[in-house]
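Subject: Structure for you to look over

Dear colleague,

I am handing over the structure below, and I would be glad if you would read it alongside my notes.

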Amino acid sequence: MKHFEDQVQAGEWDEVKRYLCGFTKVEDNPCSTKIFFEIRKQKYLKAPNRQDRAKAVEILVKDLKVFASLNKEHFKEITQLLTLDNFRQNKQLSNYTDKKSARNIMLVELKMLIGANPLFRDKLAFPAFKIHN
């Protein structure tokens, strides 16, 4: 988890996605879908934050289109952000005052989703060893 947390805090979304792919895939279960959606959403939010709508559309088509078939609500939510001058006008994103706060909020949510995901249950804690004499 430490490597994962460090990458989220640094905003290294491609590395976060690559790392998670070693444990789960987008379509494995609803928790995995939501985890990947949230990570790709962060990458997407960087573009409108820099006033780069063309980049945002590219990310929408390239990275987020998969969610159109997996969860229409997720895709609709992210698409509607393009209509806002400032994505922080969205009620759910109003707490994203800066990069650091956005990443901290994201990390808390991702950790909850990972903890709820059955594919991660045995992988989150280092196994206990019995000492034999």
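Applying the distance rule for charged side chains gives 9 salt bridges, and please bear in mind throughout that the model is a predicted one.

One of these salt bridges is formed by D14 and K43, whose closest N and O atoms are 3.1 Å apart. Because D14 belongs to helix α2 (residues 13–20) and K43 to helix α3 (residues 30–49), this pair ties together parts that are 29 residues apart in sequence. D14 itself is partly exposed, with a relative accessibility of 47%. The side chains of K43 and D14 are also joined by a polar contact of 3.1 Å. Leaving out residues up to four places away in sequence, K43 touches W13, D14, I59 and D63, and the C-alpha atoms of K43 and W13 are separated by 6.3 Å although the two residues are 30 apart along the chain.

A second salt bridge to examine is that between K34 and E109, where the closest N and O atoms are 4.0 Å apart. Here K34 lies in helix α3 and E109 in helix α7 (residues 99–116), so that the pair ties together parts 75 residues apart in sequence. E109 is partly exposed, at 24% relative accessible area.

Within helix α3, E38 and K41 meet through their side chains in a salt bridge with an N to O distance of 3.2 Å; being 3 residues apart in that helix, E38 and K41 are separated by about one helical turn. Are these two residues buried or exposed? E38 is buried, at 2% relative accessibility, and K41 is buried as well, at 4%, since the cut-off for that term is under 20%. Through shared partners, salt bridges join K34, E38, K41 and E109 into one network.

Apart from neighbours within four places in sequence, R103 is in contact with V8, Q9, A10, G11 and W13.

In soluble globular proteins, nonpolar side chains tend to be buried together. Once neighbours within four places in sequence are set aside, I35 is in contact with L20, L110, L113, I114, N117 and F120.

As for the aromatic rings, the count comes to 2 pairs. Y19 and F23 form an edge-to-face pair, with 5.5 Å from centre to centre and 65° between the planes; Y19 is partly exposed at 27% relative accessible area, and F23 is partly exposed at 32%. F23 and F120 form a tilted pair, with 5.7 Å from centre to centre and 40° between the planes. Since F23 sits in the loop between α2 and α3 while F120 sits in the segment after α7, that pair ties together parts 97 residues apart in sequence. F120 is buried, with a relative accessible area of 4%, and the ring pairs link Y19, F23 and F120 into a cluster.

Key
Residues numbered from 1 in each chain as written. Predicted model: local features only at pLDDT ≥ 70, side-chain atom pairs only at ≥ 80, totals over all residues. Heavy atoms only, no water. Helix = DSSP H or I, 4+ residues; strand = E, 2+ residues; numbered from the N terminus. Buried < 20%, exposed > 50% of the residue type's maximum accessible area, 1.4 Å probe, protein only. Contact = heavy atoms within 4.5 Å. Polar contact = N/O pair within 3.5 Å; in protein donor to acceptor, adjacent residues only side chain to side chain. Phe/Tyr/Trp six-rings, centres within 6.5 Å; stacked < 30°, edge-to-face > 60°.
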